[in-house]
Amino acid sequence: MEIVELGPERCDALLRFFAELPEGDLTFIKEEVTDPETVRSWATESSPGGRWVAVDGDEVTGYAAVRPLPGWSDHVGELRLVVATSQRGKGLGRELARRALVEAVSSGLSKLVVEVVAEQGAALALFTDLGFTGEALLRDHIRDRSGELRDLMVLAHHVSDTWSGMDTVGIADELGTPAG
Ligand SMILES: CC(C)(COP(=O)(O)OP(=O)(O)OC[C@H]1O[C@@H](n2cnc3c(N)ncnc32)[C@H](O)[C@@H]1OP(=O)(O)O)[C@@H](O)C(=O)NCCC(=O)NCCS
């Protein structure tokens, strides 16, 4: 299993990965993930942020993306992460999120945000360990598959504030920059 930047050769496997995910998990990606043209266009786009996939042979088992926000928030990246249901609980989500964070910081983004459903224990634990903290709680903000209203949490990672936090997970070393 390795994590690689998304290239054109992985797009078909990525489409298969998205097609097999439960519908509720796809909502976190916020893009037309079942449209082949959309997914293929990702491999050639050039903008800050990026997209990465976990691969096992020819199959994609996880996906992470950092999308810069538009206009006056273009210093902020939104992180999106999803792991194949059969591969969860093995540390893959953590590795993908870590890779996305390292690359986002390297590309100059100074703040990252991620939206998680408030009761999603795995996602909360994972992002908290990477230096994300709760920044907003949006009550009754989303509907789950059965139509129930759920709270949405916005977690944020402020790059300069959490530099020492990043050092503890080895990210400063990975960037080759001394922790301040
Ligand atoms: C959130 C998600 C990406 C986590 O992926 P994963 O590969 O299972 O995560 P990891 O195995 O790296 O686990 C990370 C941590 O979550 C916790 N965790 C894992 N599985 C858990 C579970 N079933 N219940 C509670 N906590 C759990 C653990 O603390 C784990 O850390 P550990 O290494 O100390 O055990 C995955 O559940 C997913 O795709 N969810 C749907 C989409 C989503 O919610 N995305 C997040 C917002 S964009």
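These legends accompany several close-up views of one predicted model.

The model is predicted, so local features need pLDDT of at least 70 and side-chain atom pairs count only at pLDDT 80 or more, while totals for chains, interfaces and linings use all residues. Residues are numbered from 1 along each chain as its sequence is written, and side-chain values use heavy atoms, with hydrogens and water left out.

**View 1. Arginine 40 reaches aspartate 12 through a salt bridge.** A salt bridge here is a side-chain nitrogen of Lys or Arg within 4 Å of a carboxyl oxygen of Asp or Glu, and the N to O distance for this pair is 2.9 Å. Arginine 40 belongs to helix 3 (residues 36-42) and aspartate 12 to helix 1 (residues 11-20), so the bridge ties together parts that are 28 residues apart in sequence. Helices (H or I, at least four residues) and strands (E, at least two) are DSSP runs, numbered from the N terminus. Both side chains' residues fall in the middle class of accessibility: arginine 40 is partly exposed at 37% relative accessible area, and aspartate 12 is partly exposed at 41%. For reference, buried means under 20% relative accessible area, exposed means over 50%, and partly exposed lies in between (1.4 Å probe, protein chains only). Setting aside neighbours within four places in sequence, arginine 40 is in contact with Cys11, Asp12 and Leu15, where contact means heavy atoms within 4.5 Å. The C-alpha atoms of arginine 40 and cysteine 11 are separated by 5.8 Å, although these residues are 29 apart along the chain.

**View 2. Arginine 88 and aspartate 25 form another salt bridge.** Their closest N and O atoms are 2.5 Å apart. Arginine 88 sits in the loop between strand 4 (76-83) and helix 4 (92-106), and aspartate 25 in helix 2 (residues 23-26), so the pair ties together parts that are 63 residues apart in sequence.

View 3. Glutamate 115 is partly exposed at 27%, and lysine 30 is partly exposed at 41%. The count of salt bridges in the model comes to 15.

**View 4. The largest nonpolar core has 27 residues.** A nonpolar core is a set of buried Ala, Val, Leu, Ile, Met, Phe, Trp, Tyr and Cys residues joined through side-chain atoms within 4.5 Å. Val66, Leu79, Leu81, Leu96, Phe127 and Phe132 have the most contacts inside this one. At least two core residues come from each of strand 2 (50-56), strand 3 (59-68), strand 4, helix 4, strand 5, helix 5 (121-129) and strand 7 (149-158). Helix 4 gives the largest share, seven residues. Beyond its neighbours within four places in sequence, leucine 96 is in contact with residues including Ile3, Trp52, Tyr63 and Leu81. Another core, of 22 residues, lies apart from the largest one, with Val4, Ala13, Ile29 and Ala84 among its members.

**View 5. Strand 7 pairs with strand 5 and with strand 6.** Two strands pair if DSSP finds at least two bridges between them. Seven bridges join strand 5 to strand 7, and the two run antiparallel. Strand 6 (residues 133-143) is likewise antiparallel to strand 7, with seven bridges. Methionine 153 in strand 7 stands opposite valine 116 and is also the bridge partner of leucine 137. Strands 6 and 7 form a hairpin with five residues between them, and glycine 147 in the turn has a positive phi of about 90 degrees.

**View 6. The ligand is surrounded by 21 residues.** A residue is counted as near if one of its heavy atoms lies within 4 Å of the molecule; the closest are Val83, Gly89, Gly91, Gly93 and Arg94. Polar contacts are pairs of N or O atoms within 3.5 Å; within protein, one must be able to donate a hydrogen and the other to accept it, and residues adjacent in sequence count only if both atoms are side-chain atoms. A ligand nitrogen is 2.9 Å from a polar backbone atom of leucine 81. A ligand oxygen is 2.7 Å from a polar backbone atom of glycine 91, and a polar side-chain atom of arginine 94 is 2.4 Å from an oxygen atom of the ligand.
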